[in-house]
Amino acid sequence: MNTRNIFTKLSIAIALVALAATGAIWEVRRVRATSPPEPDRFGMVGITHGQTMRLNIVNLQPPPDNDKQVPPPCRVVLSFRDAAGQPFRNSDGQIIRREMELQAGESAFLDLNGDMFGGPSTNADTTGPARVQLRPFVRVLRQPPEPDRNIPPPCFPTAEVFDNTTLRTTFVVPGVSNGIIIHD
């Protein structure tokens, strides 16, 4: 009987360890929702001659079925800001920006070509190409109403830098524009 009692206790201990290990693995694999960053949160990014920064925006709300009501569009402004927070301007002095309304499922972009910026180099030696530091900027003017505040808004921005010659993407920066709502 003593052997049977030890075997029972050992079996219970192994079962408890297996249960704890399963719970730990389950907890590690579980996806957790996090609070999205504040609106318009992109960091500074540098581009140089031969590169273009593309600011993308997409309305992730799915297009409605034929029998459902069409959701209102997401109205946004895309632009770029310098280190002082001022809008970038083209050679004519016009602000580089694009305002649009995106219906459910639609997307748009705004490009800033590094080749349009000349001037002195910011490198220690003046033989290198000029590098422009900028920040992609997205302003949501009107966003479709959200049925549940735990669901992120449908308009989602990303910024990418690509090579002008090969068109290969160098990197992509995700952003979130989730709540600057300016009523018309």
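Start by selecting arginine 97, which is partly exposed, with a relative accessible area of 43%. The model on screen is a predicted one.

Arginine 97 and glutamate 99 form a salt bridge, and their closest N and O atoms are 3.6 Å apart. Glutamate 99 has a relative accessible area of 40%, so this residue is partly exposed.

Keep glutamate 99 on display and select arginine 75. These two residues form a salt bridge as well, with the closest N and O atoms 3.1 Å apart. Glutamate 99 sits in strand β4 (residues 97-102) and arginine 75 in strand β3 (residues 74-81), so the pair ties together parts that are 24 residues apart in sequence. Is arginine 75 buried or exposed? Its relative accessibility is 18%, and buried means under 20%, so arginine 75 counts as buried.

Then clear the selection and pick aspartate 111 and arginine 54. Aspartate 111 forms a salt bridge with arginine 54, and the closest N and O atoms are 2.6 Å apart. This pair links distant parts of the chain: aspartate 111 belongs to strand β5 (residues 107-113) and arginine 54 to strand β2 (residues 51-59), 57 residues apart. Aspartate 111 counts as partly exposed at 30% relative accessibility, and arginine 54 is also partly exposed, with a relative accessible area of 22%.

The tour ends here: the structure holds 3 salt bridges.

Note on methods: Residues are numbered from 1 along each chain as its sequence is written. This is a predicted model: local features need pLDDT of at least 70, side-chain atom pairs count only at pLDDT 80 or more; totals for chains, interfaces and linings use all residues. Side-chain values use heavy atoms; hydrogens and water are left out. A salt bridge is a side-chain nitrogen of Lys or Arg within 4 Å of a carboxyl oxygen of Asp or Glu. Helices (H or I, at least four residues) and strands (E, at least two) are DSSP runs, numbered from the N terminus. Buried means under 20% relative accessible area, exposed over 50%, partly exposed in between (1.4 Å probe, protein chains only).
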